[in-house]
Amino acid sequence: MKASETIRYWEEAAEKYCGVQESSNFSAQNRRLVEDRFAKIGAMSVLDAGCGYGRYTDWFAKQGAKATGCDGAAAMIRLARERYPHSRFDLVDLTEDLPYQAGSFDLVFCNQVLMDLPEIAHTLSEFARVLRTQGRLWLSIVHPAFYIGEWVTGEDGKKRAKEISGYLTPHSREGDFWGRSLHYHRPVSYYLNLAARNGLSLLEMVEPRSYDPKENQSDLPLFLCAEFEKR
């Protein structure tokens, strides 16, 4: 699917997505992880790539960073500008050339975005270009190894495992969490190798515990977070 069609889905889902994210326990857990990691970010220049309705862009700005949010969906940018009028938001298709000079940012922050883009090779190349040397790329995605597949439920009604197939082959699947959307599955190695080819060295990978143990005792992660440094 073309990026323009993916963006159209997000245009239609923007309002509902915003509401779901504000009330979601998973989103709250993700925010705590991000805020712990970047609590002392200071005056760094930050690109919030795929900023959605702007929550993280505004949070970075409140920590003292020079933060810019960008997103390909005009409806998301409209919501961001309405909610956070003192922050900067640009309408940018992340699959195209980014409208920023080389070496412009200390941090490119890309939270829960890349698995929603049909093509990401040029995206990672552009992230590397706009980062200064020794700048950081921080990305998070739903965990490729465990997002796909169906839950196996025990006799006690608790989720304990997943049946996984088709992990190694990239593919897409449609979802309907906040409106129609497409998820693009790629194995973990795809992301790591793509980062390496663009001069980005892995510093740390985190697979945070996300599920409520009262309902889910699988010990499987929902998210994968990785931080890279530009060589």
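A crossing of two helices is called right-handed if the near helix is turned clockwise from the far one by less than a right angle. In this predicted model, the crossing of helices H2 and H3 is right-handed. Ser-27, Asn-30, Arg-31, Val-34 and Glu-35 of H2 meet Arg-55, Tyr-56 and Trp-59 of H3 in this contact, which by class comprises three nonpolar, two polar and three charged residues. The axes of H2 (residues 25-37) and H3 (residues 55-62) come within 12 Å and cross at roughly 30°. Since angles under 35 degrees count as roughly parallel, H2 and H3 are therefore roughly parallel to each other.

Turning to the sheet, seven strands form an open arrangement in the order S3-S2-S1-S4-S5-S11-S10, with mixed pairing. Strand S3 (88-91) and strand S10 stand at the edges with a single partner strand each, so one side of each is left without a neighbour in the sheet. On average, neighbouring strands are turned by 20° against each other, direction ignored. Strands S1 and S4 pair in the parallel sense over three bridges, and Val-46 has Leu-107 in S4 as its bridge partner.

Helix H5 packs on this sheet, where it touches S1, S4, S5, S10 and S11, and its direction makes about 145° with that of S5. The buried residues of H5 (residues 121-130) are Thr-123, Leu-124, Glu-126, Phe-127, Ala-128 and Val-130. Their cover includes strands S1 (45-49), S4 (105-111), S5 (131-142), S10 (200-206) and S11 (223-230), together with helix H7 (188-197). Helix H7 itself lies across S5, S10 and S11, running at about 145° to S10.

Terms used
Residues numbered from 1 in each chain as written. Predicted model: local features only at pLDDT ≥ 70, side-chain atom pairs only at ≥ 80, totals over all residues. Heavy atoms only, no water. Axes fitted to C-alpha atoms, helices over the stretch in contact; angles between N-to-C directions. Helix = DSSP H or I, 4+ residues; strand = E, 2+ residues; numbered from the N terminus. Parallel < 35°, antiparallel > 145°, perpendicular 65-115°, else oblique. Contact = heavy atoms within 4.5 Å. Nonpolar A, V, L, I, M, F, W, Y, C, P; charged D, E, K, R; others polar. Buried < 20%, exposed > 50% of the residue type's maximum accessible area, 1.4 Å probe, protein only. Pairing = 2+ DSSP bridges.
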